[in-house]
Amino acid sequence: MNIATLKVHGDDDGLADIRDGLPTEPHGDWQKGDVKPDGRVRIDSGFYVAIGTEQDPNELLKQIRFYLGECRARGIHFERSDVDAELRVSFPCDQGAATPSIDFSLADMTMLVEMGINLSITA
């Protein structure tokens, strides 16, 4: 299943502002000083928001557009000095299977830039 997640991290006050306006509740969070599974210590707080899961990459892209559009309509943006945001799109693939593709339009990329969201795509 293809997955889109928003990772947001930074200063606690900035995170609280963003979290209050999100269309959905985060599904996971961490605090500054928490120990990661690899033993390293987290240098800031943050959370993950599940945007969508979909087998069809085009349908996943529609879910991403809808969610980020809702964030934008609520006045949420991540172009701030106290937080960072990353849209993570993951395509889990079996060994030897074809990797699906996702085609972000210029408008999609512009929205990510204007909202201050980094993009990470993994297979």
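**Close-up 1. T110 in helix α3 of the predicted model**. T110 is partly exposed, with a relative accessible area of 33%. That value falls in the partly exposed class because buried means under 20% and exposed means over 50%. The residue belongs to helix α3. A polar atom of the T110 side chain lies 2.8 Å from the backbone oxygen of L106. Helix α3 spans residues 106–115.

**Close-up 2. S45 and its polar contacts**. S45 sits in strand β3, which covers residues 45–54. Its relative accessible area is 3%, so S45 is buried. The S45 side chain makes a polar contact with the side chain of D12, at 2.8 Å. A polar atom of the S45 side chain also lies 3.0 Å from the backbone nitrogen of K32. Neighbours within four places in sequence are set aside for the contact list. On that basis S45 is in contact with V8, H9, G10, D12, L15, W30, Q31 and K32.

**Close-up 3. I3 in strand β1**. Strand β1 runs over residues 2–10, and I3 is placed in it. I3 counts as partly exposed, at 33% relative accessibility. Leaving aside neighbours within four places in sequence, the contacts of I3 are G52, T53, L60, R88, V89 and S90. I3 and P57 are 54 residues apart in sequence. In space their C-alpha atoms are 9.1 Å apart.

**Close-up 4. The largest nonpolar core**. This core has 28 residues. Those with the most contacts inside it are I64, L68, F78, L87 and I117. At least two residues come from each of β1, α1 (12–21), β3, α2, β4 (83–90) and α3. Helix α2 gives the most to this core, with six residues.

**Close-up 5. L87 and its contacts**. L87 is one of the core residues with the most contacts inside the core. Residues up to four places away in sequence are not counted here. L87 touches A4, T5, L6, I51, I64, L68, F104, L112, I117, N118, L119 and S120. Among these partners, I64, L68 and I117 are also listed with the most contacts inside the core.

**Close-up 6. L119 in strand β5**. Strand β5 comprises residues 117–122, and L119 lies in it. L119 counts as partly exposed, at 31% relative accessibility. The C-alpha atoms of L119 and L87 are separated by 4.9 Å. Along the chain the two are 32 residues apart. With neighbours within four places in sequence left aside, L119 is in contact with L87, V89, F104, M109 and L112.

**Close-up 7. The largest cavity**. The count comes to one cavity of 30 Å³ or more. About 40 Å³ of space lies in the largest cavity. Its lining consists of L61, I64, R65, L68, L87, F104, D108, M111 and L112. Helices α2 (57–73) and α3 (106–115) are the elements that give two or more residues to this lining. The largest share, four residues, comes from α2. By class, the lining divides into seven nonpolar, no polar and two charged residues. The charged class takes in R65 and D108, because Arg and Asp count as charged. I64, L68 and L87 line the cavity and are also among the residues with the most contacts inside the largest nonpolar core.

**Close-up 8. E79 in the loop between α2 and β4**. E79 is placed in this loop. At 55% relative accessibility, E79 counts as exposed. E79 and M115 are 36 residues apart in sequence. Their C-alpha atoms are 5.9 Å apart in space. Leaving aside neighbours within four places in sequence, E79 is in contact with V113, E114, M115 and G116.

Technical notes
Residues are numbered from 1 along each chain as its sequence is written. This is a predicted model: local features need pLDDT of at least 70, side-chain atom pairs count only at pLDDT 80 or more; totals for chains, interfaces and linings use all residues. Side-chain values use heavy atoms; hydrogens and water are left out. On a 1 Å grid over the protein atoms alone, a cavity is a set of points where a 1.4 Å probe fits but cannot get out, and a pocket is an open set with protein on both sides within 12 Å along at least five of seven lines; lining residues have an atom within 4 Å of a point. Grid points are joined across faces, edges and corners, and a volume is the space filled by probe spheres set on the points. Buried means under 20% relative accessible area, exposed over 50%, partly exposed in between (1.4 Å probe, protein chains only). A polar contact is a pair of N or O atoms within 3.5 Å; within protein, one must be able to donate a hydrogen and the other to accept it, and residues adjacent in sequence count only if both atoms are side-chain atoms. Contact means heavy atoms within 4.5 Å. A nonpolar core is a set of buried Ala, Val, Leu, Ile, Met, Phe, Trp, Tyr and Cys residues joined through side-chain atoms within 4.5 Å.
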